[in-house]
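This report concerns one protein chain, shown below.

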Amino acid sequence: MSTDGGGGGETPTVPPNMTIYINNLNEKIKLDELKKSLHAVFSQFGKILEVLAFKTLKHKGQAWVVFEDVSSATEALKRMQGFPFYDKPMRIQYAKTKSDIISKADGTFTPQERRKRHDERDRKKREQHHDANQAGTGINSAYSGAYGAVPPLAQMAYGGGAKSMLPETPALPNNILFVQNLPHETTPMMLQMLFCQYPGFKEVRMVEAKPGIAFVEYGDEMQSTVAMQGLQGFKITQQNPMLITYAKK
């Protein structure tokens with residue numbers, strides 16, 4: 001009876017849940033890149049348990065993103081509805097539970113009651129594995145503060161030698177951002193989709209010889225500052241909080 005706005009009334013309203021269903025995706029994108037890019041764009045809304053997309057013709061142009069909680073899924077649905085993802089506006093709605101279509105396609109289909117217990121067990125296992133990983137990687141040391149002194153990573157990027165060990169003066173605010181601590185699998189398209197959410201975005205430049213860093217240009221320093229504040233510490237992967245400073249001119 002109620003309409004959620006923009007649904008067009010073709011499908012019955014699905015109650016909010018942790019999984020969002022996305023269609024109208026660009027079918028030319030390789031499956032692996034599609035899943036990584038979806039993860040990069042949606043992880044700003046909360047912890048993602050999994051991203052599902054399949055090669056079969058029947059499932060082309062579609063994906064499911066499973067969040068840890070309903071509020072993250074709701075925020076993602078509202079904020080990313082119509083977002084131009086690889087040049088096509090995304091259409092997003094709540095999934096009909098972790099739909100049996102997905103379960104059958106990925107081989108995890110079990111009757112409802114057993115599935116609940118199975119999902120719970122899986123989540124606990126994932127959490128234990130995640131905690132063990134974090135303990136081993138010392139994430140906190142990777143990201144010690146955004147706006148203060150330029151960290152060692154930045155010093156290395158600006159040139160080696162003994163001089164780079166001296167504390168450097170942070171660059172003055174300007175329209176170009178210097179982004180560090182990116183995972184190796186980051187592509188310019190992933191960064192573009194994150195940074196183009198902020199007004200004034202112009203382009204992303206990655207440095208082939210130095211993986212893990214990029215420059216992002218905006219129209220002016222006010223626009224670059226808003227983007228810096230919005231994405232500071234954003235994690236493309238769990239181990240890689242982005243470190244953003246102004247670029248040296």
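The model is predicted. The chain has 249 residues, of which 41% are buried. Its secondary structure consists of eight helices and 10 strands. Taking contacts between residues at least 6 apart in sequence, 66% join residues at least 24 apart.

Four strands form an open sheet in the order 8-9-7-10, and the pairing is antiparallel. Strand 8 and strand 10 are the edge strands, each pairing on one side only. From one strand to the next, the twist averages 25°. The residue ranges of the strands are as follows.

| Strand | Residues |
|---|---|
| Strand 7 | 176–180 |
| Strand 8 | 201–206 |
| Strand 9 | 214–218 |
| Strand 10 | 243–246 |

Strand 7 and strand 10 run antiparallel and are joined by four bridges. In this pair, Val 179 of the chain stands opposite Ile 244 in strand 10.

Which strands does helix 7 touch as it packs on the sheet? Helix 7, residues 188–195, touches strand 7, strand 8, strand 9 and strand 10. The direction of helix 7 makes about 150° with that of strand 8. Helix 8, residues 221–231, lies across strand 7, strand 9 and strand 10. Helix 8 runs at about 160° to strand 10.

Definitions and conventions. Residues numbered from 1 in each chain as written. Predicted model: local features only at pLDDT ≥ 70, side-chain atom pairs only at ≥ 80, totals over all residues. Heavy atoms only, no water. Helix = DSSP H or I, 4+ residues; strand = E, 2+ residues; numbered from the N terminus. Buried < 20%, exposed > 50% of the residue type's maximum accessible area, 1.4 Å probe, protein only. Contact = heavy atoms within 4.5 Å. Pairing = 2+ DSSP bridges. Axes fitted to C-alpha atoms, helices over the stretch in contact; angles between N-to-C directions.
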